[in-house]
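Please consult the sequence and the structure shown here.

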Amino acid sequence: MFTVLLSFLFFTGLVALISWWKTKNDDLSTSKGYFLAGRGLTGLVIGCSMVLTSLSTEQLIGINAESYKGNFSIMAWTVQSVIPLCILAKFLLPKYIREGYTTIPEFFEKRYDKSTRLIMSTLFLFFYLFIAIPVALYTGAIAFNQVFNIETLTGLSYAQSMWITIWAIGIVGGIYAIFGGLKAVAVSDTLNAIILVIGGFLVPLFGLRFLGTEV
């Protein structure tokens, strides 16, 4: 368990260090630098960030759990999301960058009016504050507690360990987004995507190694 925790802290610290190094000289005082990363992101970084943005513990925990309990039909929702992601990357994202939009509500204001921007901003805030972020934090806390057995390590109750983990995840994620801007998030997403792909290939390899290939 100590080795697992140490490796996690090492990679998390490494991602944070690289993200800081890549963004330490950036000008985050302007909306262009903060929200658009100074227009300096490459296609690979943008692609990895888009994938990691749409992938969280909702999928890693929730979909896997539902697939185990029932069948793989729930994965159809995730598979079809590739289509709108491709449309976004091919047609919409270049337009956003070309026109200099920093947020989606800003696009709605320029396309329609300020009232539409206010409505969309309210809907986005409601969705993220009460649906997306709480689910991601809760499922992330479940994963941390299961992997690192935080209850045993700290001697706390399940509820207490969950609350501490939720706050820790939220604070660390907030530090990336608030102090580093879009570029820090995109760089960390890219590094985590590489680690995720490597881990994804290792899981079946280790599974076959320990379980064997005989049916």
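Is Phe 127 buried, partly exposed or exposed? Phe 127 is partly exposed, with a relative accessible area of 39%, where buried means under 20%, exposed over 50% and partly exposed in between (1.4 Å probe, protein chains only). The model is predicted: local features need pLDDT of at least 70, side-chain atom pairs count only at pLDDT 80 or more, and totals for chains, interfaces and linings use all residues. Residues are numbered from 1 along each chain as its sequence is written, and side-chain values use heavy atoms, leaving out hydrogens and water.

- Phe 127 is located in helix α8; helices are DSSP runs (H or I, at least four residues) numbered from the N terminus.
- A nonpolar surface patch of about 960 Å² includes Ile 104, Phe 124, Phe 127 and Ile 133.
- Helix α8 (residues 114-148) supplies the largest share of this patch, nine residues.

**Helix α4**
- Helix α4 (residues 57-69) has 13 residues and reaches 17 Å from its first C-alpha to its last, close to the 18 Å expected at 1.5 Å a residue.
- Its buried residues are Thr 57, Gln 59, Ile 63 and Ser 67.
- These buried residues of α4 pack against α5 (75-80) and α8, with contact meaning heavy atoms within 4.5 Å.

**Annotated spans**
- An unreviewed UniProt entry annotates "transmembrane region" over several spans, including residues 6-21 and 118-138; such annotations may be inferred rather than shown by experiment.
- Residues 6-21 are 100% helix and 0% strand, with end C-alpha atoms 22 Å apart.
- Residues 118-138 are 100% helix and 0% strand, with end C-alpha atoms 29 Å apart.

Technical notes:
Patches are made of residues with over 30% relative accessible area and no salt bridge: like charges are joined within 9 Å, nonpolar side chains (Val, Leu, Ile, Met, Phe, Trp, Tyr) within 5 Å. Accessible areas come from the Shrake-Rupley method with a 1.4 Å probe; for residues, only the protein chains shown count as cover. A salt bridge is a side-chain nitrogen of Lys or Arg within 4 Å of a carboxyl oxygen of Asp or Glu. Helices (H or I, at least four residues) and strands (E, at least two) are DSSP runs, numbered from the N terminus. The expected span of a helix is 1.5 Å times one less than its number of residues.
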